[in-house]
Amino acid sequence: MLTRRSLIIGAASAGIFGANFAVGRNASASDSSNTPQGGLISTYKLGPVTLHCYMAPSASAVVTTQIIETPNQLHVIDTQFIQGLAMEARAYIDSLGKPVAGVYLSHWHPDHLLGAYQFADLPFITTADVRADCVKYKETFVKRKSQFGDTSPLVLPAGTLSTGEQDWDGFQVLVSQINDCESEHTLTFHLPEIGLMIVQDLMFNNAHAFPLGSHSNWINKLREIRETEGLKLLGCGHGLPATSGAITDSIAYLEFQKAVFGNQKDAESATSALMAEFPKFEGQSSLRFVENLYK
Ligand SMILES: [Zn+2]
């Protein structure tokens, strides 16, 4: 098992704050280190609560696992795409030395779910709707796992999570399900007392968004979220945690993407237009889905 010490490599010597990570609206981390597998762990202190973000390398679409640490507990959101990265995220979580009260799945997409096998001993839950999405798309998971040569058992979450107000170790948490944006159902986790919201794939920070779902509805939902009072830190599904100003950037990105799909004649020219407008963005592999829009 990896220890925390073995996971942490000095951020300065690893040069993680290269051009791609310096742009945009990244929140300032109190600590940040890269990992042996090319992941990046960054931590953000919000009074008594700490957000730890495990972010996969670019080859795994900078997908995140968010860890919310309260004085006595950990709550984990999303489980990575690749078993090795999920294992590394799990080792880091264990190194924090606090019980994991829950592991939550924000939406059904494989890049957030397939690593769940590494968390199979913990309570793994989502809403009934997200669970139903997982069951509906089971074949997609099986296909992806075989592409990776991943022979671990597929682990799906229980559908027992309720939306609405919850209490995590004395902190108010508002769990919401937002429908028909990047995926059919996406969960957000808002801790209003400390100004933290985990929005996962409603926002891609300095990274290309999957061109999926309803752009108009997605943009409208982000406009609603932008009105939330007191937001200081946003946990995004891809890319580093962001400041609230990143919501405006995400809306602008989605509006540009929507316009490109309206005015470019094929997938190749649409992809080139997006890469030309956002040359420093991570997650270029997410744009392979552009092809589906032109079939
Ligand atoms: Zn995703």
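Of the 295 residues in the chain, 44% are buried, a residue being counted as buried if 20 or more other C-beta atoms lie within 10 Å of its own, as exposed if 12 or fewer do, and as partly exposed in between, with C-beta atoms placed from the backbone. The structure is a predicted model, in which local features need pLDDT of at least 70 and side-chain atom pairs count only at pLDDT 80 or more, whereas totals for chains, interfaces and linings use all residues. Residues are numbered from 1 along each chain as its sequence is written.

The chain contains eleven helices and twelve strands, these being DSSP runs numbered from the N terminus, with at least four residues (H or I) for a helix and at least two (E) for a strand. Its radius of gyration is 18 Å, close to the 19 Å that the globule rule gives for 295 residues, so the chain is as compact as a globular protein of that length; the radius is taken over C-alpha atoms, and the rule is 2.2 Å times the number of residues to the power 0.38. The C-alpha trace spans about 55 × 40 × 40 Å along its principal axes. Among contacts in the chain with a separation of 6 or more, 66% are between residues 24 or more positions apart, where a contact requires that the C-beta atoms of two residues, placed from the backbone, lie within 7 Å.

Seven strands form an open sheet of mixed pairing, in the order S1-S2-S3-S4-S5-S6-S7, two strands being paired if DSSP finds at least two bridges between them. Strand S1 (31–34) and strand S7 (124–125) stand at the edges with a single partner strand each, so one side of each is left without a neighbour in the sheet. Within this sheet, S3 and S4 are antiparallel and share six bridges, and leucine 51 stands opposite isoleucine 68 in S4. The pairing of S4 with S5 is also antiparallel, over four bridges, with isoleucine 67 opposite valine 76 in S5, and a hairpin of four residues joins S4 to S5.

Strand S5 (residues 74–77) directs Leu74 and Val76 one way and His75 and Ile77 the other way, and all of these residues are buried. Towards strand S6 (residues 100–104), S5 pairs in parallel over four bridges, and histidine 75 stands opposite glycine 102 in S6. The chain passes from S5 through helix H4 (residues 83–95) to S6 in a right-handed β-α-β crossover, a term that applies if, with the strands pointing away from the viewer, the path from the first strand over the helix to the second runs clockwise.

Valine 63 lies in the loop between strand S3 (49–55) and strand S4 (64–69) and is buried, with 30 other C-beta atoms within 10 Å. Not counting residues up to four places away in sequence, valine 63 touches Ala56, Gln80, Phe81, Asp111, His112, Gly237 and His238.

A second open sheet, again of mixed pairing, consists of five strands in the order S8-S9-S10-S11-S12. Its edge strands are S8 and strand S12 (233–238), each of which pairs on one side only. S11 and S12 are parallel and share five bridges, with methionine 197 opposite leucine 234 in S12.

The largest nonpolar core has 67 residues, and those with the most contacts inside it are Val199, Met203 and Leu234; such a core is a set of buried Ala, Val, Leu, Ile, Met, Phe, Trp, Tyr and Cys residues joined through C-beta atoms within 7 Å. Strand S11 gives the most to this core, with seven residues. Valine 199 touches Thr188, Ile225, Leu234, Gly235 and Cys236, when residues up to four places away in sequence are not counted.

Most residues other than glycine have a negative phi. Aspartate 169, although not a glycine, has a positive phi of about 55 degrees; this residue lies in the loop between strand S8 (164–168) and strand S9 (171–179) and is partly exposed, with 17 other C-beta atoms within 10 Å. Asparagine 206, likewise not a glycine, has a positive phi of about 55 degrees and is found in the loop between strand S11 (196–204) and helix H8 (215–226). With 25 C-beta neighbours inside 10 Å, asparagine 206 counts as buried.
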